[in-house]
Amino acid sequence: MTKISPEIEEDVQAESLLSVSADVSFSSNCFPKYKLGPDNQIVEESKEDSKGLSLKEVVEKETVQLSEQHKRLSVRDLASKFDKNLTAAAKLADEAKLRDVASLEGHVLLKKLRDALEALRGRMAGRTKEDVEKAISLVEALAVKLTQNEGELIQEKFEVKKLANFLKQASEDAKKLVNQEKSFACAEIESARAVVQRFGEALEEEEKNSPKSKTQDVERLVDEIQEARRIKRLHQPSKVMDMEHELHALRTQIREKSVLSLKIQKELAMNKRAEENKSCLYVFDGSEALGSHLRIRPRSDTAPSLSKCSIQWYRVSLDGSQKEIISGASKLAYAPEPLDVGRVLQADILSNGQKITVTSVGPIESAAGLGSYVETLLRKSSSEFNVVISQMNGQDYLSHSNHCFNVGKLRIKLCRGWITKSREIYHTSMQLCGVRGDSNAAAKSLFWQARKGLSYVLTFESEKERNAAIMIARKHALDCNIMLAGPDDQV
């Protein structure tokens, strides 16, 4: 199919778009208004300043426009452009023929001139013979140049012929396309005319049935008004509003009482645990919040030495109904992690067959500014943290060089520069939690099991970055339907 230039195609589309109109103007663009007339009859208010045309006039106007558009749908301009180009190509072909004749005559003249000079050279001698030889060389040079011009002329003739064939094919394709579009436009006009005719017939039928429909509309409107008045009498607005205000005030009071009740219950539970801890031989030392490092210390010198005791840490719900063991947390100290927020920490100390329980006064609280920091990092596709590898597969890592811990939406990567130490997507065997030991940097460290047989203990630059990395990794893993926690943790 020959490609038509974009300018001609835009002209045709513009003509077809501008010539068809689908707008219909109605005499009124709002609902009629009613008023009470003589004998309490509801009549329609008349509009004195109405300037809209009637529906019948609009239909007649649209019909005239469609007829004019049907006559105006011509594409002769498009065909004439191709015909002009075809004529120009024919003129170029004629000029090429004239150049062929002139070139042939030039060759004949040069041949005759050369023969004459050759004959003259045989009769001449001396200086005159040299001049004749120079003239012969000039004639030969002219013949070579004429031959080159002929080659260029043949190439130009070939291009002109190719252009003429292209324009001829384009003209034929354009005429076919024009005829096809014209038939489509005529069919659309006929269809629109049929629609307008049916609309006119429906309008005439509606005008005939309008008195009956108006009477029915008025009766229905009167019934609706009476029903509205009856409902208004049944429901007095003032009493309803007063009841709504009272309900709103009661809801507000109940909400305040609930908050106060929860606060009092929390304080009572904290006081109860504080009283129990007073009689306990041991107590927690440290802030009960993320980023801290809780350590068990004896309350008095009479308490048994902790070095001879076995310890196990637990996380307990506020009401005490759920108690979860923290696997691996069996040291004197424990650094809370994000999973402990909102829960109470408890440590059971076994000494000489006797169990002593130490409980935190209140639930573990989140660190200040941690929530907004995590929200900022979650807007990125991945988050990077500077870490140092403390242990690898349970053994101390000798190198203390900085590494990059990259937490992405689909995977976690540990690398140093271009060297990748580990890169794993979220899967069921992956584990991530805070370090459960009594080292000084436990609040800054986390345990990451990339896969079975490969685990790391990573130390961050701050407690805030460590807790943020755990929260972000667990959020992305949850989006992949993976629950990321520590060993034997119940999430």
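Strand S10 (residues 382-392) and strand S12 are antiparallel partners, joined by seven bridges. The structure is a predicted model.

**Strand S12 and its partners**
- Within the pairing of S10 and S12, Phe385 stands opposite Phe405 of S12.
- Strand S12 (residues 402-408) is largely enclosed by the rest of the structure, because six of its seven residues are buried.
- S12 also pairs with strand S13 (residues 411-416), in the antiparallel sense and over four bridges.
- In that pairing, Cys404 lies opposite Cys415 of S13.
- In general, the strands of a sheet pair through backbone hydrogen bonds, in either a parallel or an antiparallel manner.

**The open sheet of four strands**
- Four strands, in the order S6-S5-S8-S9, make up an open sheet with antiparallel pairing.
- Strand S6 (323-325) and strand S9 (354-359) are the edge strands, each of which pairs on one side only.
- From one strand to the next, the twist averages 30°.
- Strand S8 (residues 344-351) runs antiparallel to S9, and six bridges join the two.
- Leu350 has Lys355 in S9 as its bridge partner.

**Helix H7**
- The 17 residues of helix H7 (residues 463-479) should span 24 Å at 1.5 Å a residue, and this agrees with the 25 Å between its end C-alpha atoms.
- Buried residues of H7 include Ala468, Ala469, Ile470, Ile472 and Ala473, and among them are also Glu465, Arg466 and His476.
- Asn481, which follows H7, has a positive phi near 65°.

Notes. Residues are numbered from 1 along each chain as its sequence is written. This is a predicted model: local features need pLDDT of at least 70, side-chain atom pairs count only at pLDDT 80 or more; totals for chains, interfaces and linings use all residues. Side-chain values use heavy atoms; hydrogens and water are left out. Two strands pair if DSSP finds at least two bridges between them. Axes are lines fitted to C-alpha atoms, for helices over the stretch in contact, and angles run from 0 to 180 degrees between N-to-C directions. The expected span of a helix is 1.5 Å times one less than its number of residues. Buried means under 20% relative accessible area, exposed over 50%, partly exposed in between (1.4 Å probe, protein chains only).
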